[in-house]
Amino acid sequence: MFLLAGQSNMAGRGLIDDLSKESDTELSDEESDRICVLSREGEWRPARHPLHDDKPTAGVGPGLAFARSILDFLPEGARIGLLPCAMGNSPIERWQSPNGDLFRVAFQRVQDGRAAGGILRG
């Protein structure tokens, strides 16, 4: 599992247009089976843009491209679980341990991913 934390650049604000939709549909069957995102309900689903839902303007971000770029370096059949928890326009204090509310949200996302069978890698 990889935690996708940060501000709007991680959450993704790129427009979801024909090109980004095409890049989603160009995922091979193997990629679709191996790259998943943890939903708010705690279930793994195939990764598609937008990965985050922090704001109505959520769109294309770097998470899916990152997952695709490391897939070839993993053992055959290994899966990538993405844990989106970025929040655009959030001050750093909200991310600081132990009392920042977004720190606690990120920590909970990791716990939810573990409960769904994942192992944190980054």
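Two strands are taken to pair if DSSP finds at least two bridges between them, and helices (H or I, at least four residues) and strands (E, at least two) are DSSP runs, numbered from the N terminus. The model is predicted, so that local features need pLDDT of at least 70 and side-chain atom pairs count only at pLDDT 80 or more, whereas totals for chains, interfaces and linings use all residues. Residues are numbered from 1 along each chain as its sequence is written, and side-chain values use heavy atoms, with hydrogens and water left out.

Leu38 stands opposite Trp44 in E3, and strand E2 (residues 35-38) pairs with E3 in the antiparallel sense over three bridges. Four strands make up an open sheet of mixed pairing, in the order E1-E4-E2-E3. Strand E1 (2-4) and strand E3 (44-46) stand at the edges with a single partner strand each, so one side of each is left without a neighbour in the sheet.

Five salt bridges are present in the structure, a salt bridge being a side-chain nitrogen of Lys or Arg within 4 Å of a carboxyl oxygen of Asp or Glu. In one of them, Arg34 is joined to Glu30, with the closest N and O atoms 2.7 Å apart; the two residues are four apart in helix H3 (residues 29-34) and are therefore separated by about one helical turn. Arg34 is buried at 7% relative accessibility, whereas Glu30 is partly exposed at 45% (buried means under 20% relative accessible area, exposed over 50%, partly exposed in between, with a 1.4 Å probe and protein chains only). A salt bridge also connects the side chains of Asp101 and Arg94 (2.7 Å, N to O).
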